[in-house]
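This briefing goes through a structure topic by topic, from overall chain dimensions to backbone details. The sequence and coordinates are shown first.

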Amino acid sequence: MRAEKLLKGKGIKIDLVPVPREISSDCGVAIELSVDSEEEAFHLLEENKVSILERYARGQEGKFEKK
Amino acid sequence: MVKEMKIKKVIYFDNAATSWPKPPGVKEAMVQFMDEVGANPGRSGHFRSIEAARIVFETREALSILFHVKDSSRIVFTLNATESINLALKGLLKPGDHVITSSMEHNSVMRPLRDLEKKGIALSIVPCSKEGMLDSREVEGKIQSNTKMVVLNHASNVTGTLLPVEEVGSIVRKHNLLLLVDAAQTAGACPIDVERDGIDLLAFTGHKSLYGPQGTGGLVIGERIQEKEMIPLKQGGTGSRSEFEEQPDFLPDCFESGTPNGVGLAGLLAGVQFVLGKGVEQIRQNEMALVEMLIKCLKELPQVKVYGPENQGDRIATFSFNVAPLPPSETASRLEKEFAVLCRPGLHCAPAAHRTLGTFPEGTVRFGLSAFNTEAEIDTAIQAIFQISKEG
């Protein structure tokens, strides 16, 4: 929630999505964003001490790869 | 009974127990939560669950502004101040530790401490004056090598006397101890800055001066506390790290198991927004103007004894009195039946405080004001007490 507020405040386009099943069976929420704004977003979150649990990139076949 | 009360306009002076009325917006926020949100916060990715989580998060954020907490995840929600105090005491104190408190505490502090005492935690109680005042030097005098924590109420729920939290805060820092403050009576009614005041643990309730519903409250856990070393009161589902059967160790989830009071927190958010909008200083100033007027008039009645500090700056807008020779319960009952003034007689769950004041076991009559009381209500109350004291 804090990450959403920070990122949207900076005008970074994001989506809150259910955590994809391949990643975790958790009942949580993840933030999906474009590769273009990735660095800016992570920099902002780091600056504001939002802890990031895990970071994944969606591969060509829609598969998730841990970064 | 309810009908009868509707005929006369009720004057509600029992705000120190639960504030009434609530500001416009509180009830509406709760209805909106029930009608349009209604889902379980943080348990799913659908928009209603996300919206519920957002409301819980925004409530934390609003409270972090109010109490000057840098990281809102260090505020955990509980049912009330009592649960928060229990979490802080039982989560951090171990057999062999020593804890210091005052003789003006509510049973929300005294009862868990008395229980811990049986389990090998040493307890020192610093006596307060008959006005309920605490000399911070006496707190320092009680510190010993195994002292871990000082527990103080910010203001007495009986006399409204403010305790010198900031002074004790700096003593506590100097000796590298922890300070737990019971802010049940002051959160929203008195400025609180956990940094400035040196507060490590701040227990607050939502249904008094934060103008939320009952069943909401929380504990601010300061950065000097390692949350991993604090034992939760309960374990269970948090919506996070569901693949593990062990309790998560990060804030706020480690202390927030089970579905929270989402609808209550939606109401609390509206209440806190009201307080932030009006400003704590402004609310305090208005309440103090009314209570000072009331106390000044009551002190002129020879049959009335008012308890609490002489200097009005040392109090909040809650105070106790008695009308001789009537017992408190009779005064309260006459105030209600003849004048529709609602208040609370007796011991106010604070036998230690009443012993300090010399009013144990009969107790006192207590008035607690809120941001919604008016000068006209104060005038009526003065007339009512004048009448009762004349008839004796």
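**Chain A overall**

Of the 67 residues in chain A, 25% are buried. The model is predicted. The points below cover chain A, then the sheets and a helix of chain B, then backbone geometry in both chains.

- Chain A contains two helices and four strands, arranged along the sequence as α-β-β-α-β-β.
- Its radius of gyration is 12 Å, close to the 11 Å that the globule rule gives for 67 residues, so chain A is as compact as a globular protein of that length.
- Along the principal axes, the C-alpha atoms of chain A occupy a box of roughly 30 × 25 × 15 Å.
- Counting contacts in chain A between residues at least 6 apart in sequence, 40% link residues at least 24 apart.
- Chain A has an accessible surface of about 5000 Å², and carbon and sulfur atoms account for 48% of that surface.

**Seven-stranded sheet of chain B**

- Seven strands of chain B make an open sheet with mixed pairing, in the order 2-8-7-6-5-3-4.
- Strand 2 and strand 4 (122-126) of chain B are the edge strands, each pairing on one side only.
- On average, neighbouring strands of this sheet are turned by 20° against each other, direction ignored.
- Strand 6 and strand 7 of chain B pair in the parallel sense over three bridges; Leu180(B) stands opposite Leu201(B), which belongs to strand 7 of chain B.

**Helix 4 of chain B**

- Helix 4 of chain B (residues 81-92) has twelve residues and spans 16 Å from its first C-alpha to its last, close to the 16 Å expected at 1.5 Å a residue.
- Ten of the twelve residues are buried, so helix 4 of chain B is largely enclosed by the rest of the structure.
- Among the buried residues of this helix are Ile85(B), Leu87(B), Leu89(B) and Leu92(B), and also Glu83(B) and Asn86(B).
- The buried residues of helix 4 of chain B pack against strands 2 (75-78), 5 (147-153), 6 (178-182), 7 (201-205) and 8 (217-221), as well as helix 5 (107-118), of chain B.

**Four-stranded sheet of chain B**

- An open, antiparallel sheet of chain B has four strands in the order 9-10-13-12.
- Strand 9 (304-307) and strand 12 (344-346) of chain B each have a single partner strand, so one side of each is left without a neighbour in the sheet.
- From one strand to the next, the twist averages 30°.
- Strand 12 and strand 13 (residues 364-368) of chain B run antiparallel and are joined by three bridges; Pro345(B) has Val365(B) of strand 13 of chain B as its bridge partner.
- Helix 10 (residues 328-339) of chain B packs on the sheet, touching strands 10 (318-323), 12 and 13 of chain B, and its direction makes about 45° with that of strand 13.
- Helix 12 (residues 375-391) of chain B lies across strands 9, 10 and 13 of chain B, at about 25° to strand 10.

**Backbone geometry**

- The peptide bond from Trp20(B) to Pro21(B) is cis, with omega near -5°; Pro21(B) sits in the loop between strand 1 (11-12) and helix 2 (26-37) of chain B.
- Phe360(B) and Pro361(B) are also joined by a cis peptide bond, with omega about 5°; Pro361(B) is in the loop between helix 11 (351-357) and strand 13 of chain B.
- Lys49(A), a residue other than glycine, has a positive phi near 55°. Lys49(A) lies in the loop between helix 2 (38-47) and strand 3 (56-58) of chain A and is exposed, with a relative accessible area of 74%.
- Tyr211(B), not a glycine either, has a positive phi of about 60°. Tyr211(B) is in the loop between strand 7 and strand 8 of chain B and counts as buried at 1% relative accessibility.

How values were computed:
Residues are numbered from 1 along each chain as its sequence is written. Chains are lettered from A and ligands numbered from 1 in the order in which they are written. This is a predicted model: local features need pLDDT of at least 70, side-chain atom pairs count only at pLDDT 80 or more; totals for chains, interfaces and linings use all residues. Side-chain values use heavy atoms; hydrogens and water are left out. The expected span of a helix is 1.5 Å times one less than its number of residues. Buried means under 20% relative accessible area, exposed over 50%, partly exposed in between (1.4 Å probe, protein chains only). Contact means heavy atoms within 4.5 Å. Two strands pair if DSSP finds at least two bridges between them. Axes are lines fitted to C-alpha atoms, for helices over the stretch in contact, and angles run from 0 to 180 degrees between N-to-C directions. The radius of gyration is taken over C-alpha atoms; the globule rule is 2.2 Å times the number of residues to the power 0.38. Accessible areas come from the Shrake-Rupley method with a 1.4 Å probe; for residues, only the protein chains shown count as cover.
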